[in-house]
Amino acid sequence: MDCCIYFCDLLVDHHVSSIFFMIMNSFRKQFDMLSQGVFHLPDPWYIENYVEVITHGFFGYFFRSIIIVAVCMVLMLAIASFAAYPLSRMKLKLRGITYAGIVAMMSIPMHVTLIPIFKMTTNMKLYDNLMALVGPYVTFTLPMSIFILTVAKTL
């Protein structure tokens, strides 16, 4: 038990110190870390980095990301629920093969498909469109989602 608490404390300390380090360095100019040292507090505090981010459309990018995440989550949950329910509750002939195929799809790295997806989106005239992100995001989250929802029945 003590080992688990020690490990969790070490993990939390690592994450908190990393976030603190990142936030402190966001208040520096571009090359101040080289001249002042990495672990010193910023001198002077340079808030213009945040002003520049906010004035150059950060909130527009942020809300577009929220829209894409919401659309992908709704689609992924709907499709995964409809696929996981019969796989976990019904006695089907091809259930084992289908489940094995879904688990095998989790091993396909997303980076292998980047060029074919890029070619497909440019051919479909979806390049530089937010909805071009929905298909790949949903497709690559479905196998893991179906697996989790299927295993959740036993929990």
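Author: A term to begin with: helices here are DSSP runs of H or I with at least four residues, strands are E runs of at least two, and both are numbered from the N terminus. Keep in mind that this is a predicted model.

Reader: Fine. How many helices and strands does the chain have?

Author: The chain has 7 helices and 0 strands. Read along the sequence, the pattern is α-α-α-α-α-α-α.

Reader: Is the chain spread out or compact?

Author: Spread out. The radius of gyration is 23 Å, while the globule rule gives 15 Å for 155 residues, so the chain is more spread out than a compact globule. Its C-alpha trace spans about 70 × 55 × 25 Å along the principal axes.

Reader: What share of the residues is buried?

Author: Of the 155 residues, 17% count as buried. Buried means under 20% relative accessible area.

Reader: And the surface, what is it made of?

Author: The accessible surface comes to about 12300 Å², and 74% of that belongs to carbon and sulfur atoms.

Reader: What about charges?

Author: There are 10 positive and 8 negative side chains. The centres of the two sets lie 30 Å apart.

Reader: Switching to helix 4. What span should its 32 residues have?

Author: Helix 4 covers residues 58-89, and at 1.5 Å a residue it should span 46 Å. The C-alpha atoms at its ends are 45 Å apart, which agrees.

Reader: Which residues in helix 4 are buried?

Author: I68, C72, M76, A80, A84, L87 and S88. An α-helix has 3.6 residues a turn, so residues three or four places apart point the same way.

Reader: What do the buried residues of helix 4 pack against?

Author: They pack against helix 5 (95-105) and helix 7 (134-151).

Reader: Now the loop between helix 6 and helix 7. What is phi of K125, which lies there?

Author: Phi of K125 is near 60°, a positive value in a residue other than glycine. Helix 6 is residues 114-123.

Reader: Is K125 buried or exposed?

Author: Exposed, with a relative accessible area of 70%; the cut-off for exposed is over 50%.

Reader: And D128?

Author: D128 lies in the loop between helix 6 and helix 7, with phi near 65°, also a positive value in a residue other than glycine. At 76% relative accessibility, D128 counts as exposed.

Conventions: Residues numbered from 1 in each chain as written. Predicted model: local features only at pLDDT ≥ 70, side-chain atom pairs only at ≥ 80, totals over all residues. Heavy atoms only, no water. Rg over C-alpha atoms; globule rule 2.2 N^0.38 Å. Buried < 20%, exposed > 50% of the residue type's maximum accessible area, 1.4 Å probe, protein only. Areas by Shrake-Rupley, 256 points an atom, 1.4 Å probe, with all protein chains shown as cover. Lys, Arg positive; Asp, Glu negative; His and termini not counted. Charge placed at Lys NZ, Arg CZ, Asp CG, Glu CD. Expected span 1.5 Å × (residues − 1). Contact = heavy atoms within 4.5 Å.
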